[in-house]
Amino acid sequence: MIFGPAWALAADRFGRKRVLFIVFVFGLVASVGFSACVLPMVSTVAPKQLSATAFAVLFSLIQGAISALMTLAMGFLSDVLGLQQVMLYLVTIPYPINAGYWFLFDRVYPKDAAKQAERTAAIEAGTF
């Protein structure tokens, strides 16, 4: 429920119970969305021989670096702007931006998946 502090800003306007319900439902949906969308996409477009490496690079390297940088930024910016505004700017706002990127990726995903399926078939046939 990391969105609680950011959504608490709206509690005065919409009411505490409504905001807590929205945050709870969003937490349930957000936790399912990543596993249901990102993981199958990565496993489909990465070669089978490199799927473990692709997941390791995505989760350990890329997300680890982003988490480390966000942690440093949140500490510094919370001293300057306050924790509630930082939670809004660095947690809540990036989620819709991220969703927009994934919708854009969905346009090229069928082509990438088909190309990877051809490569996999060629590798299994020994013609690649």
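Which helix gives the most to the nonpolar patch? Helix α6 does, with 5 residues.

Some ground rules before the details. This is a predicted model, where local features need pLDDT of at least 70, side-chain atom pairs count only at pLDDT 80 or more, and totals for chains, interfaces and linings use all residues. Residues are numbered from 1 along each chain as its sequence is written, and side-chain values use heavy atoms, with hydrogens and water left out.

Now the patch. F76, V80, L81, Y89, I93, I97, Y101, L104, F105 and V108 make a nonpolar surface patch of about 970 Å². Two elements give two or more residues to it: α4 (51–81) and α6 (94–125). Helices here are DSSP runs of H or I, at least four residues, numbered from the N terminus. Patch residues have over 30% relative accessible area and no salt bridge, and nonpolar side chains are joined within 5 Å. A salt bridge means a side-chain nitrogen of Lys or Arg within 4 Å of a carboxyl oxygen of Asp or Glu. Areas come from the Shrake-Rupley method with a 1.4 Å probe.

Take Y101, in helix α6. Y101 is partly exposed, at 47% relative accessibility. The cut-offs: buried is under 20%, exposed is over 50%, partly exposed is in between.

Next, α5, residues 83–92. V86, M87, L90, V91 and T92 are buried there. Those buried residues line one face of α5, because they fall within an arc of 160 degrees seen down its axis. That arc uses directions from the helix axis to the C-beta atoms.

Last, S78, in helix α4. S78 is partly exposed, at 22%. Leaving out residues up to four places away in sequence, S78 touches L83 and V86, with contact meaning heavy atoms within 4.5 Å.

Methods
Patch = residues over 30% accessible without salt bridge, like charges linked within 9 Å, V, L, I, M, F, W, Y side chains within 5 Å. Buried < 20%, exposed > 50% of the residue type's maximum accessible area, 1.4 Å probe, protein only.
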